[in-house]
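Work through the exercises below with the sequence and the model open beside you. Try each task before reading its solution.

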Amino acid sequence: MSVLSWYPSTLISRSPSFFATSVTGASTVPVGVRSFPKRNRLSECGNEVRKPEVFVTRASSDDVAVVDPPSTPSSGFDDSKSEIIASLKLKLLSAVSGLNRGLAASEDDLRKADAAAKELENAGGPVDLINQFDKLQGRWKLIYSSAFSGRTLGGSRPGPPTGRLLPITLGQVFQRIDILSKDFDNIVELELGAPWPLPPIEVTATLAHKFELIGSAAIRIIFEKTSVKARGNLAQLPPIDVPRLPDGLRPPSNTGSGEFEVTYIDDDTRVTRGDRGELRVFVIS
């Protein structure tokens, strides 16, 4: 049986040069071009006609046709950068782990955490919140604050001390950010000591703010109110809004607003530096 006997007669009758024509039809290719039949709905003399589909191949040194794969841009650099950032994120998380969000940090711990954060910030490059605004959205858990090393809940600003002076135990701390309403809430879980034999009182304090972008990476927050909600056995009680001190009675350092810069952000990690030098590390929760 002839090798070409399976082709319809209308195709065999064509000039042999048809099968050696490039895709553009401008020139003939001596080797490395093959035609593969493809069914067409057209019919000729009641029989289906196979329409050739032409693929251009190149001839290798031993005359075996090899199809060139489609060219794709190299992603080696991006992969390498992603691996470096992942490694530096792990290094930072390791540096701040076991420090009780910074309350147990020594001077050496502060230096190590700051150095690890700077490495991650340099690798990540400048933050552009104008184009990455949606990355702020969500509930972020604070895992480290260099300000807590001063043993006060206010950080570099005046705040209630922790320890034996006041029976206050700090629980989890969150930031809840809504990019649509521009709400920026600091949420602090606290345990307040009570006289024996009463159990401790568990409360959640929410410091409500509004926020706005100032520049490409800086954020200003404006304080609105503080509310306290009991948890545990007293969870059925309604939240209480804490009265705000008049402006004349508040210390100059507690104006109700503040600024900080987002120095690194991705889908699950955020690093910020406050207007008084506080380093904070958050993970999405």
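Predicted model: local features only at pLDDT ≥ 70, side-chain atom pairs only at ≥ 80, totals over all residues.

**Exercise 1. The largest nonpolar core**

Task: Find how many residues the largest nonpolar core has and which elements give two or more residues to it.

Solution. 
- Step 1. Count the members: the largest nonpolar core has 24 residues.
- Step 2. Look for the residues with the most contacts inside this core; they are Leu136, Leu170, Phe211, Ile219 and Val262.
- Step 3. Assign the members to elements. Two or more residues each come from strand 5 (138-145), strand 6 (168-178), strand 7 (183-192), strand 8 (201-214), strand 9 (218-230) and strand 11 (257-265).
- Step 4. Strand 6 gives the largest share, 4 residues.
- Step 5. Another core, of 16 residues, lies apart from it, and its members include Ile85, Leu88, Val96 and Ala105.

**Exercise 2. Two residues in contact**

Task: List what valine 262 is in contact with, leaving aside neighbours within four places in sequence, and do likewise for threonine 272.

Solution. 
- Step 1. For valine 262, the contacts are Val127, Leu129, Leu136, Ala217, Ile219, Arg270, Val271 and Thr272.
- Step 2. Move to threonine 272, which is placed in strand 12 (residues 269-274).
- Step 3. Not counting residues up to four places away, threonine 272 touches Phe260, Glu261, Val262, Thr263, Glu278, Leu279, Arg280 and Phe282.
- Step 4. Check burial. The relative accessible area of threonine 272 is 2%, and buried means under 20%, so threonine 272 is buried.

**Exercise 3. Aromatic pairs**

Task: Describe the pair of phenylalanine 133 and phenylalanine 211, then the pair of phenylalanine 184 and phenylalanine 260.

Solution. 
- Step 1. The whole structure holds 3 aromatic pairs.
- Step 2. Phenylalanine 133 and phenylalanine 211 are 6.2 Å apart centre to centre, with 35° between the planes, and the pair is tilted.
- Step 3. Phenylalanine 211 is buried, at 4% relative accessible area.
- Step 4. Phenylalanine 184 and phenylalanine 260 also form a tilted pair, with 5.8 Å between centres and 50° between planes.
- Step 5. Phenylalanine 184 belongs to strand 7 and phenylalanine 260 to strand 11, so this pair ties together parts 76 residues apart in sequence. Both phenylalanine 184 and phenylalanine 260 are buried.
- Step 6. Join the pairs: Phe133, Phe184, Phe211 and Phe260 are linked into a cluster by ring pairs.

**Exercise 4. Backbone exceptions**

Task: Describe the peptide bond between tryptophan 196 and proline 197, and the phi angles of arginine 101 and lysine 182.

Solution. 
- Step 1. The bond joining tryptophan 196 and proline 197 is cis, with omega about 10°. Proline 197 sits in the loop between strand 7 and strand 8.
- Step 2. Arginine 101 has a positive phi of about 65°. The loop between helix 2 (76-96) and helix 3 contains arginine 101.
- Step 3. Lysine 182 also has a positive phi of about 65°, and lies in the loop between strand 6 and strand 7.
- Step 4. Compare accessibility: arginine 101 counts as buried at 13%, whereas lysine 182 is partly exposed at 34%.

Conventions. Residues numbered from 1 in each chain as written. Heavy atoms only, no water. Core = buried A, V, L, I, M, F, W, Y, C linked by side-chain atoms within 4.5 Å. Buried < 20%, exposed > 50% of the residue type's maximum accessible area, 1.4 Å probe, protein only. Contact = heavy atoms within 4.5 Å. Phe/Tyr/Trp six-rings, centres within 6.5 Å; stacked < 30°, edge-to-face > 60°.
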